[in-house]
Amino acid sequence: MTTDQRHMSEPPLLSVRNLSIRLPEGFDREYAIEDITYDLDPGEILCVVGESGSGKSMTANAIMGLLPELLKPVRGSIEYRGRDLLTLPEEEKRELRGRDIAMVFQEPLSALNPLMTVGEQIDEVLLVHGETDSGVRLKRVLELLDFVGLPEPATIRNSYPFRLSGGQRQRVVIAMALALEPSILIADEPTTALDVTTQAQILDLIKRIQRIKGMGVIFVTHDFGVVADIADRVIVMEKGLVVEQGTAEQVLNQPRHPYTQRLIAAVPHGAAAGGSGAAVHEQAPLLELRDLNKTYRTGGGLFSKPRVVPAVQHVSLTLHRGQTLGVVGESGSGKSTLGRIIIKLLQSDSGQILYHGQDIAPLSQAAFRPMRKRIQMIFQDPFASLNPRHTVGRILTDGPVANGVARPEARQRAEELLALVGLDASAYGRYPHEFSGGQRQRIGIARALMLDPDLLIADESVSALDVSVQEQVLRLLKEIQERLQLGMIFITHDLRVAAQICDDIIVMRRGEVVESGPAARIFDAPQHEYTQRLIAAIPGKDWNPRQVIESLQEEPSDVAHASPASRTLRWGTADPAA
Amino acid sequence: MMSFTLQRVMKAFVVILGVVILNFFLIKMAPGDPAVILAGEAGSGDPQFVERLRAEFGLDQPVLVQLWNYVSGVLRGDLGFSYRNQVPVLDLILDRLPATLLLTGAAFVFSLVTGILFGVLAARNRGNVLDSIITTLALIFYATPLFWIALMAVLLFSLNLGWVPPFDMETIGAGYTGWRRALDIAHHMILPVVTLGLFYTAIYTRLTRASMLEVMGLDFVKTARAKGVPKRRIIRRHVLRNAILPVFTFASMQAGQLVGGAILTETVFAWPGIGRLMFDALMQRDYPVLLGVFLVTAIVVVAINFIADLLYRFVDPRIAIA
């Protein structure tokens, strides 16, 4: 069915026309979103894809009337059943919210009021939209909890959010959104904060209810894998503009706009980077863990018992120079604890950490200190891991200076490394807030390299980055690793990323290693049931971004080199055969 | 729950015993011999008379024996005997306690109610004139010393305007009873309560305002808006309930001062409470009374903390019983 036929038969459920939202002064661009036009039909899933700052959530918020006060739509309309949502009085908009248009948010951990039971929170939707009979409301709450697949609705109704896991909370949020059977569901990155297996379940749930209820769904995401799994139609946004829209089939397999092509090329594909060289393994290992254990004890005092959580159990591994070892697991698997133990930010309970053959586990902090500079860490959050009050130069040189290197020498080294990680030498005198997330992560990498480490621990170092930036940082890490022949432990929740950069992988669950081996083997022929489940849960399995890119490279289309002027493609002008 | 309560009671007991012992030694270290002062006031410097006073109060015994006598007395409920007033300390304290609790309790309620009210008003009208007025006043009362406010209030409202009585707890010699008396006390309470409460009102206002503004920016408030919850209900059910938690923490600190925190106010307004009892005892080296007041204060602090911890579990369900 093409657009024109559809327009003749029935009007779209929601139609956004030339919507522009102006940014306050002092931003890098004038409009948050500019000239956005799209339709949503009943019973379709429309994915809005883009990187951070692309304005992809902005239309969603505008539809809900939830824009921050500083942001005002200056042009255009959002028409829903003949009414323009932008000009509707607040009280009428409130009446629509929750009843006709509902929303699911990104962070299930913070999207629920911590002081109300989940039952009360679902109940509230019904109450504020005029259902006064508490018996009817209770029945509906139980129905909804059951419908979104939560166990024992009668019990879980009285639970507070903190008792539930992230996935369960997201189910509660979805139940809340479904309470009054809205005709439009807006989901703003609803699975981004979840583990991959939970993500797969939530995506299934959204697809299922969308089919049963025939709702129109606007699904905002940055993940092309998710798009491949659920989208009927796709809108790609860049810097506030729609650069491409079309059916999922078109956009995913014949991307026309260079930006879309770049994004798709950057999607981690999980194709292994090639096994580890056998020659490397013949050397003495750089790091060897033997039967490492760590148990967390919290609480407990004079008169009370502590809470015990085994975080790392009987973990053994070997790492050689020039090898990258991936540690993969979901949240709570103990993978970060492992990293912290190796760098001795945490003390292990038992087991050996052999670094160059010497057991560093029993060393005191003072005795370990001379070795500390040889083992460095790259952290997850590029925003929180750099001191905002220090210049980049100070951040980089602090370590060497503390280790007795003269300042001019340290400075010279810092400038070399800034060049190595692809930053300008002028970065030296600037502050972290002047850099983007990707650039900050480069600074973080340079900082780790300042002390000439031979062991790098990268803890979720690319998780907070957009795919295109993530791809660049991964490439940088690989390059550095090859050039400097370091040993690297790469901790991640994303098997695709791990497979791409690591030689070998260990998979952890609840503190234990369930499977280990060469990356390609783990990814293509997982042995353990848990690994298989992890891999099966990766979104977009049936879609191969590499193939798409390869086929594009074979037959370069003229659109791929489109001039900036033709960037705003309109829905309807796209010809599937292009 | 039971084992938690039991644990806490045991801990509280240990803490209070520690306080008793510590206080005892503190007092022993203070310069000045009560017997000498008493004898001096009686107009006699006769060493024999002083010795007799010492023996009478047990001050001639070794310190550890005195400690044992005191602690075992406390455990039996005997807080000792006032040197000066010649009555049991416990009677003195029980006599004064209601007046203090009435004053501090009323001030507590006053500052909580007004503080939260102003805080909510300021937060809801953020950036408006009302917000500016409230935050400015809060800053002024937060920064101004209590006794100065007390004196100025007496000057203005009692002496110049004559609206409220300047001191005492009730009209002396009027012999009111029943409701008439309650009204008379209430009238006398206005100035001291407001004076004592204003500082905390200012703190609660600022705390509530800041905390409300913070909570308003949280995700679940957006969820509530997306659900179509009306604004008033969002403020009440979602924002205020969460914003009240830090206020609650601070309120439990104020509640801990229910007995010991009104010395200044009681002195300025001639309020016949514990604060003044303590002040007088200090001036007169009436150490058993002083120790008694310390003990009661400590007990109240520990008890309030205990109650606050219990209440926390109701206010915030995330705090589970360990």
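**A contact made by Asp123(A)**

Me: With the side chain of which residue does the side chain of Asp123(A) make a polar contact?
Reply: This is a predicted model. Asp123(A) lies in helix α4 of chain A, which covers residues 118–128. Leaving aside residues up to four places away in sequence, Asp123(A) touches Arg137(A) and Val141(A). The side-chain polar contact, at 2.7 Å, is with Arg137(A).

Me: Does Asp123(A) count as buried or exposed?
Reply: A residue counts as buried under 20% relative accessible area, and as exposed over 50%. The relative accessibility of Asp123(A) is 18%, so the residue is classed as buried.

**Helix α13 of chain A**

Me: How many of the residues of helix α13 of chain A are buried?
Reply: Helix α13 of chain A spans residues 335–342 and is mostly covered. Its buried residues are Lys335(A), Thr337(A), Leu338(A), Gly339(A), Ile341(A) and Ile342(A). Of the eight residues in the helix, the number buried is six.

Me: Which residue just after α13(A) takes a positive phi?
Reply: The position in question follows directly on helix α13(A). Its phi is about 60°, and the residue is Lys344(A).

Me: Are α15(A) and α16(A) roughly parallel or oblique to each other?
Reply: Helix α15 (residues 392–402) and helix α16 (residues 407–420) of chain A pack with their axes 9 Å apart, at an angle of about 125°. Angles of 65 to 115 degrees count as roughly perpendicular and those over 145 as roughly antiparallel. The angle therefore makes α15(A), relative to α16(A), oblique.

Me: How many nonpolar residues has the contact of α15(A) with α16(A)?
Reply: From α15(A) the contact includes Val392(A), Leu396(A) and Pro400(A), among others. From α16(A) it includes Ala410(A), Ala414(A) and Leu418(A), among others. By class there are one polar and two charged residues, and the number of nonpolar residues is seven.

Me: Is the crossing of α2(B) and α3(B) left-handed or right-handed?
Reply: In chain B, the axes of helix α2 (residues 34–41) and helix α3 (residues 47–57) come within 9 Å and cross at roughly 125°. This angle is why α2(B) is oblique to α3(B). The handedness of their crossing is right-handed.

How values were computed. Residues numbered from 1 in each chain as written. Chains lettered and ligands numbered in written order. Predicted model: local features only at pLDDT ≥ 70, side-chain atom pairs only at ≥ 80, totals over all residues. Heavy atoms only, no water. Helix = DSSP H or I, 4+ residues; strand = E, 2+ residues; numbered from the N terminus. Buried < 20%, exposed > 50% of the residue type's maximum accessible area, 1.4 Å probe, protein only. Polar contact = N/O pair within 3.5 Å; in protein donor to acceptor, adjacent residues only side chain to side chain. Contact = heavy atoms within 4.5 Å. Axes fitted to C-alpha atoms, helices over the stretch in contact; angles between N-to-C directions. Parallel < 35°, antiparallel > 145°, perpendicular 65-115°, else oblique. Nonpolar A, V, L, I, M, F, W, Y, C, P; charged D, E, K, R; others polar. Left-handed = near helix turned anticlockwise from the far one by under 90°.
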